[in-house]
Amino acid sequence: MLLEYRLESVLGAGGFGMTYLGRDTHLEKHVAIKEYLPVELAVRALDGSIVPVSTDHQYNYQWGLERFIQEARTLAKFSHPNIVRVNRYFEANGTGYMVMDYEKGESLNQMLKRAPFPDEAALKAILMPLLEGLEAVHAAGFLHRDIKPSNIFIRENGNPVLLDFGAARQAVGGATRSLTSVLTPGYAPLEQYASDGHQGPWSDVYAMSGVLYRALVNENPPDAVSRMRDDTVLQALEAARGRYGSGLINAIAWGMALDEKRRPQSVAEWKGRLLGAAPAGAATRTAAARPAAPSIHAAPTVITPRSAPSIADEQTHRLARGTPRRSKWRLAGIGLALLAVVGVAAMIVSKRAADRAAHEPVVRSTPPAGAVTPKPVAEQPLRQRPVTGDARTMAPAREGSPPLRAPSPGAARTESPRVGEAGTERPHGLGREEFGRKFPGLAAHFDQIDANHDGIVTREEMVAFRERQA
């Protein structure tokens, strides 16, 4: 028993706590009760109470408990049919509890496993009410930050509801703090992996676009980190074009752009594209304007001299062509041709200079009597300097510049920063302390991610770790 509630079973568990199916013995009805239990900060004692793991975690535990209370109060203010409603909050056992309505039905994840590839009309019937509820959350200054198919519940009457705001945080003011790095690979945008990532409504748009990707492709989206190396989102969406319209596919590609500045900046903006409406001011865009949504069948956009094409437009053209990497090979061919022309020109200039030198008379001066003739100095071979930066950014020596001289034996030697120094970002990765500041939620797994145990976590090791976790 928990006050007047009898706990019957566990409905789910996550990084922030557990959710129980309870029975209200006063009102004789079922309720869902969520308990604050951050697994990285606290444990359950033998008497059932929740206590911090150590005194070092006491402050963070209390800070998170205050945010849990704030979440309950925020959700209690919402009276939206598509957002889970909090009816009561109380403290007990050293922690906090939220009492919510219990709904019968199934999660979107269960529905997609039971009936894959739903038609477009059914998807929009589920999505549009959720977007209206998400707009209300954003209007109150909050982000969900953990939208995924298992957190979308479909009631028995078909009406969807957005669940589990455990990762929610206040997005206004900028002075926010994450209790821990809570994310779901595939549905979390790239900015959510870093503690100082620029998060906003566009972050929830990315996650909701990932939910649609899951429905169209019948598999989870690729992790945002792995997409930096090999992005297969567009190819997978292209395969679904026969079953779904171009408008829906283009909207998903727009919402899943890796760069948060290239995504829709609000739910209303993205929803307009999903419904097929042209964005305001699409006829003319300036450089200061936000990039418009990609569309294959929309009227051509007139770009002013100051504007630049967006990534979303590039994604659309790549989808239409079906050859996403052809432009790269064309650029490579042009570059090779230019290098060949420059090489031939250099050979011609060198040959002409040699011919002129061969025909010019050699004038020798005779030193006056008694003059001291200096002894010739043996020419020393040029010592190559160690490259301390990216070789591609090192400028070649200009013609006529003084030659590099070998350092004298007693000269002081200047060394580049050592890779083990605290706070120093390595040329090809991150050290333990820098990694901990950038990715606090993954700091405890540093030794697992660092596969070669050299004290550096590279992007390849990060991708390999994510693949192993998947």
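**Entry 1: a helix pair.** I looked up helix H4 (residues 201–217) and helix H7 (residues 246–255), whose axes come within 8 Å and cross at roughly 135°. Helices here are DSSP runs of H or I with at least four residues, strands are runs of E with at least two, and both are numbered from the N terminus. Axes are lines fitted to C-alpha atoms, for helices over the stretch in contact, and angles run from 0 to 180 degrees between N-to-C directions. H4 and H7 are therefore oblique to each other. The scale calls angles under 35 degrees roughly parallel, over 145 roughly antiparallel, 65 to 115 roughly perpendicular, and the rest oblique.

Which residues of H4 meet H7? I noted Val205, Tyr206, Ser209, Leu212, Tyr213 and Leu216 in H4, which meet Leu248, Ile249, Ile252 and Gly255 in H7. Contact means heavy atoms within 4.5 Å. By class I get 8 nonpolar, 2 polar and no charged residues. Nonpolar covers Ala, Val, Leu, Ile, Met, Phe, Trp, Tyr, Cys and Pro; charged covers Asp, Glu, Lys and Arg; the others, Gly among them, are polar.

**Entry 2: what I am looking at.** This is a predicted model, where local features need pLDDT of at least 70, side-chain atom pairs count only at pLDDT 80 or more, and totals for chains, interfaces and linings use all residues. Residues are numbered from 1 along each chain as its sequence is written, and side-chain values use heavy atoms, with hydrogens and water left out. I find 13 helices and 14 strands in the protein chain. Of its 470 residues, 39% are buried. Buried means under 20% relative accessible area, exposed over 50%, and partly exposed in between (1.4 Å probe, protein chains only). Among contacts between residues at least 6 apart in sequence, 57% join residues at least 24 apart.

**Entry 3: the sheet of 5 strands.** I traced an open sheet in the order E1-E2-E3-E7-E6, with antiparallel pairing. Two strands pair if DSSP finds at least two bridges between them. E1 and strand E6 (86–92) are at the edges with a single partner strand each, so one side of each has no neighbour in the sheet. On average, neighbouring strands are turned by 30° against each other, direction ignored. Strand E3 (residues 29–36) and strand E7 (residues 95–101) are joined by 5 bridges. Val31 stands opposite Asp101 in E7. Helix H1 (residues 58–77) lies across E3, E6 and E7, at about 155° to E6.

**Entry 4: the sheet of 3 strands.** The order is E8-E10-E11, again open and antiparallel. Strand E8 (105–107) and strand E11 (160–162) are its edges, pairing on one side only. The twist averages 25° from one strand to the next. I counted 3 bridges between strand E10 (residues 152–155) and E11. Ile152 has Leu162 in E11 as its bridge partner. Helix H3 (residues 120–139) lies across E10 and E11 and runs at about 35° to E11.

**Entry 5: Glu4.** Is Glu4 buried or exposed? Its relative accessibility is 15%, so Glu4 counts as buried. Glu4 sits in the segment before strand E1 (5–13). Beyond its neighbours within four places in sequence, Glu4 touches Arg23, Asp24, Thr25, His26 and Arg88. The C-alpha atoms of Glu4 and Arg23 are 8.3 Å apart, with the two residues 19 apart along the chain.

**Entry 6: helix H13.** In helix H13 (residues 459–469) I list Glu461, Met462, Val463, Phe465 and Arg466 as buried. Their cover includes helix H5 (224–227), helix H11 (432–438) and helix H12 (446–449).
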